[in-house]
Amino acid sequence: MSSTPTANATIRINGPLPGANARAILERRDATTVRGLYRSCPIVADHATGATVTDVDGNVFIDLAGGIGALNAGHCPPEITAAIHNQVDRLLHLCSIVGTYESMVQLNEKLHEIVPIRGPKKTLLCNTGVEAGENAVKIARYATGRQGIIVFEGAFHGRSLLGMTMTSKYDLFKRGFGPFASEVYRVPFPYEYREKIDGMSTEEFCELRIRDLKKAFVAQIDPTSVAAVIIEPVQGEGGFVPAPPAYLRALRELTAQHGILLASDEVQTGFGRTGKMFAIEHTPGCGTEWDVDMVIMAKSIGSGLPIAAVTGKAEVMDKPHIGGLGSTYGGNPVACAAAVATIDYLRDHQLADRATEIGDVCRDYFSRWQAKHDTIGDVRCLGAMCAIEFVKDRVTKEPNSVLPPLIVEEAFQRGLIMIRAGLYGSCIRSLVPLVITDDQLHEAMQALEAAIDAAVQRAETT
Ligand SMILES: Cc1ncc(COP(=O)(O)O)c(C=O)c1O
């Protein structure tokens, strides 16, 4: 479908999508790239800036996927690319196991300013989210002398053997890839929309879910054998499901009682996405009255370069023996320069506050669409971490996993790049760069509304 650009419109579609140049490259991708690597939409990018991507046929899209949450600071912010260029010309690689360069130390120092953990902190720099999560597990096991790790239904922690083991959503992420790692236990996540019984308060529901964990201490593993609980404060792949603050506080109390470490996986939620630098900060008193032991970070820390980190309490992080941790490229100088510049950029431009504004706009639109489409079961926005969950029936909440792929397809035809989410594949999500302008945001929402209307109509007629 082609659309006529209006005077101030950002989206520009020149002809049928994908265009001829994109189709040629997509054919080569299909011929050379493994089938198992999914692609959400047929965008073939040429260049990108802010919240927009221009494809190889000159079409301009608004990017609601944001590199799956890696682009909070937007595509190619000049201050950050300048820092990368500067580093590229001076030092590409040394290896932090071999020696030291200032940018790795600077990054650690900046992380220690923003990570809401009390007292002395230490950091290990890694390459990817899954690697940071694995290192958090290694450190927790070493520090406690225990082996058990507790994770949640609906969780996503990455695709390595241990990351995949800790991840939920069996059919998509795990089928055929076992056997999995041992000593990983799973409990229900406090998924209010799906599981809170009518009439129950959030506090009562959280108490119920905490009882599940207490039961796991009897039915699955003795608490004295548990090294850590790892939780996403808002589940990402699981469908942007927030853990209520009451649950996080109770989880902290219970884990502390048993000498169990608590790690927050902020790979998707971190760096301003939810309206705070880290999502756990939505729980009152975080960083002053209570804290977690470790924070796992990746994605938007590096504005598109591969870098990740685990920051935690120094007495925990420093337990493993010298030489027990590290990797060839973890905290590479160029990635560190990008991350240092990214943290400055996020703070200078107050992008966490901007995330709250973006979330308010999205929630308004989503709620209006919910009023007109029975198939919209829930809308969830914590800052600019925004999702719509589709159901076949609002009473039974039977997931509707047919609509999201149709919406992604229709949205692409209208100039939007977007992705799905959800344990049942029944959500669409927005991780739009936080530098999106108001005009672009309204334009994107109008295009998304048209895409949802068209997809609902298609689903009804097929
Ligand atoms: C919460 C969470 N943890 C870990 C990961 C894995 O990160 P990576 O793909 O960088 O390994 C992801 C990726 O989506 C994530 O959302």
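**Overall fold and local features of the chain**

Buried residues make up 58% of the 462 residues in the chain. The model is predicted. Its secondary structure comprises 15 helices and 17 strands. A compact globule of 462 residues would have a radius of gyration near 23 Å. The chain has 22 Å, which agrees. Along the principal axes, the C-alpha atoms fill a box of roughly 60 × 60 × 40 Å.

Contacts and surface were examined next. Among contacts with a separation of 6 or more, 72% join residues 24 or more positions apart. Charged side chains number 45 positive and 54 negative. The centres of these two sets lie 4 Å apart.

Phe 366 belongs to helix α13, which covers residues 351–372. Its relative accessible area is 2%. Buried means under 20%, so Phe 366 counts as buried. Which residues touch Phe 366, leaving aside its neighbours within four places in sequence? The contacts are Val 379, Cys 381, Cys 386, Ala 387, Ile 388, Met 445 and Leu 448.

Strand β13 spans residues 376–382. Of its 7 residues, 6 are buried, so β13 is largely enclosed by the rest of the structure. The partner of β13 is strand β14, residues 385–390. The two strands run antiparallel and are joined by 6 bridges. Leu 382 stands opposite Met 385 in β14. In a regular strand, side chains alternate between the two faces of the sheet. The hairpin of β13 and β14 has 2 residues between the strands. In this hairpin, Gly 383 takes a positive phi near 55°.

Most peptide bonds are trans, and most residues other than glycine have a negative phi. Where do cis peptide bonds occur in this chain? One runs from Leu 17 to Pro 18, with omega near -15°. Pro 18 sits in the segment before α1, which covers 20–32. Another cis bond runs from Gly 178 to Pro 179, with omega near 5°. Pro 179 is in the loop between α7 (170–173) and β6 (184–187).

That loop between α7 and β6 also holds Glu 183. Glu 183 is not a glycine, yet its phi is positive, at about 65°. With a relative accessible area of 27%, Glu 183 is partly exposed. Lys 299 likewise has a positive phi, near 45°, in a residue other than glycine. Lys 299 is placed in the loop between β11 (294–297) and β12 (308–313). Is Lys 299 buried or partly exposed? Its relative accessible area is 25%, so Lys 299 is partly exposed.

Conventions
Residues numbered from 1 in each chain as written. Predicted model: local features only at pLDDT ≥ 70, side-chain atom pairs only at ≥ 80, totals over all residues. Heavy atoms only, no water. Helix = DSSP H or I, 4+ residues; strand = E, 2+ residues; numbered from the N terminus. Rg over C-alpha atoms; globule rule 2.2 N^0.38 Å. Buried < 20%, exposed > 50% of the residue type's maximum accessible area, 1.4 Å probe, protein only. Contact = heavy atoms within 4.5 Å. Lys, Arg positive; Asp, Glu negative; His and termini not counted. Charge placed at Lys NZ, Arg CZ, Asp CG, Glu CD. Pairing = 2+ DSSP bridges.
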